[in-house]
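This report describes a ligand shell, a nonpolar core and an annotated domain. The sequence and structure are shown first.

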Amino acid sequence: MTSVKVRVPAKVNVQLSVGPLRDDGYHDLVNVFHAVSIFDEVIAEEADTVTVRVEGEAVDQVPLDDDNLAVRAARLLAGRAGVTRGVSLRIRKTIPVAGGMAGGSADAAAALVACNQLWGVHLPPADLMELGAEIGSDVPFALLGGTAVGTGRGEQLRPVEVGGAFQWVFALADGGLSTARVYAECDRLRQATGAKVGWPEVNERLLAALRTGDPKALGPELANDLQPAAIMLRSRLVRTLDAGRERGALGAIVSGSGPTCAFLVESKEQATDLAVFLRGSGVARSVVTAEGPVAGAVIV
Ligand SMILES: C[C@@](CO)(OP(=O)(O)O)[C@H](O)COP(=O)(O)OP(=O)(O)OC[C@H]1O[C@@H](n2ccc(N)nc2=O)[C@H](O)[C@@H]1O
Ligand SMILES: Nc1ncnc2c1ncn2[C@@H]1O[C@H](COP(=O)(O)OP(=O)(O)O)[C@@H](O)[C@H]1O
């Protein structure tokens with residue numbers, strides 16, 4: 001095998017409940033991940049050294065050295081499996097960079113799957129998930145896909161049953177937000193307001209809405225504890241969220257650490273209508289429609 005191509009999805013968090021700050025600098029979460037049909041592709045080819053090239057979405061904001069999460073993934077797998085060969089990685093980016101849709105984590109997951117095959121390592125999925133968690137909290141979910149409850153720092157996953165396809169509209173912003181900065185702002189806001197931070201619990205009404213595939217029931221349950229912090233750092237997100245709500249979205253939230261905004265709608269037709277409206281109202285850099293859940297990283 002001289003070349004392996006892997007397709008990997010973005011995510012939106014349909015519930016993101018953030019617990020207290022832990023001693024290791026992370027937060028315990030209830031993070032209900034939902035994979036959506038916006039995909040990056042990672043192509044791995046045989047080579048003597050590890051290199052990466054990036055094409056597409058906001059490529060100037062993606063590192064091309066060992067900070068690239070796909071490069072980190074390839075090096076980590078090589079080290080663990082005793083592989084001495086290299087790999088040439090080519091990333092075709094569609095997932096917004098630093099957009100709260102886990103694009104970097106997706107590329108890391110894709111690189112793990114691609115190199116596992118290219119190098120004939122054949123680690124089982126559970127081992128790839130463990131390696132993924134060493135790279136970032138969101139990487140295991142990009143391997144798993146579908147819809148899943150993440151606990152711990154988001155890396156311990158339990159798949160969730162979903163009774164149908166949900167239709168989404170995503171409003172992409174100009175420029176990204178740093179995940180670490182948004183968590184720090186969340187802590188700062190909590191301290192400033194004296195808010196009591198409870199242990200995060202999964203919302204059973206949200207799980208029931210997912211199980212029955214009912215977007216009208218899911219819309220009001222969408223919740224993201226990082227949203228106030230993302231808005232504090234990027235106040236114009238309020239206008240974007242309001243525009244979607246006013247046009248009849250069933251739910252409107254910031255995706256993860258933002259600044260992408262996610263809107264749940266009832267049908268593909270409504271997704272197209274809302275996308276046209278948001279494009280026309282100038283509240284986003286670009287607008288895309290997608291559906292979920294979709295599979296995690298797969299060889300294509
Ligand atoms: C917020 C979420 C929601 O799914 O994703 P994004 O919206 O950024 O994609 C995740 O929690 C991001 O996961 P990921 O991007 O993998 O973060 P990591 O690399 O593990 O951590 C980056 C930084 O985020 C903070 N962090 C991350 C996870 C967590 N449970 N608690 C944290 O406080 C820490 O400051 C950490 O140093
Ligand atoms: N392959 C990659 N794709 C995108 N960003 C990457 C990648 N590798 C490293 N990064 C870095 O990770 C940061 C966060 O990226 P990303 O995963 O797209 O955002 P988020 O954590 O908001 O979902 C980027 O600002 C970039 O510096």
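## Terms and conventions

Ala, Val, Leu, Ile, Met, Phe, Trp, Tyr, Cys and Pro count as nonpolar, Asp, Glu, Lys and Arg as charged, and the others, Gly among them, as polar. The model is predicted: local features need pLDDT of at least 70, side-chain atom pairs count only at pLDDT 80 or more, and totals for chains, interfaces and linings use all residues. Residues are numbered from 1 along each chain as its sequence is written, while chains are lettered from A and ligands numbered from 1 in the order in which they are written.

## Shell around ligand 2

By class, nine nonpolar, 11 polar and two charged residues form the shell around ligand 2. In total, 22 residues surround this ligand (C-beta atom, placed from the backbone, within 6 Å); Leu69, Ala98, Gly103, Gly104 and Asp107 are the closest. Two or more residues each come from α1 (69-81) and α2 (103-118), helices being DSSP runs of H or I with at least four residues. The largest share, four residues, belongs to α2.

Domain 1 (3-160) and domain 2 (166-291) each supply at least three residues to the shell around ligand 2; the domain bounds come from an automatic or database assignment.

## Nonpolar core

The largest nonpolar core has 101 residues, and Ala70, Ala109, Ala110, Ala111 and Trp168 have the most contacts inside it. Such a core is a set of buried Ala, Val, Leu, Ile, Met, Phe, Trp, Tyr and Cys residues joined through C-beta atoms within 7 Å, where buried denotes 20 or more other C-beta atoms within 10 Å of a residue's own. Because domain 1 and domain 2 both give residues to this core, it lies between them.

## Annotated region

In an unreviewed entry, UniProt lists residues 206-279 as "domain: GHMP kinase C-terminal"; such annotations may be inferred rather than shown by experiment.

Note on methods: A residue is buried if 20 or more other C-beta atoms lie within 10 Å of its own, exposed if 12 or fewer, and partly exposed in between; C-beta atoms are placed from the backbone.
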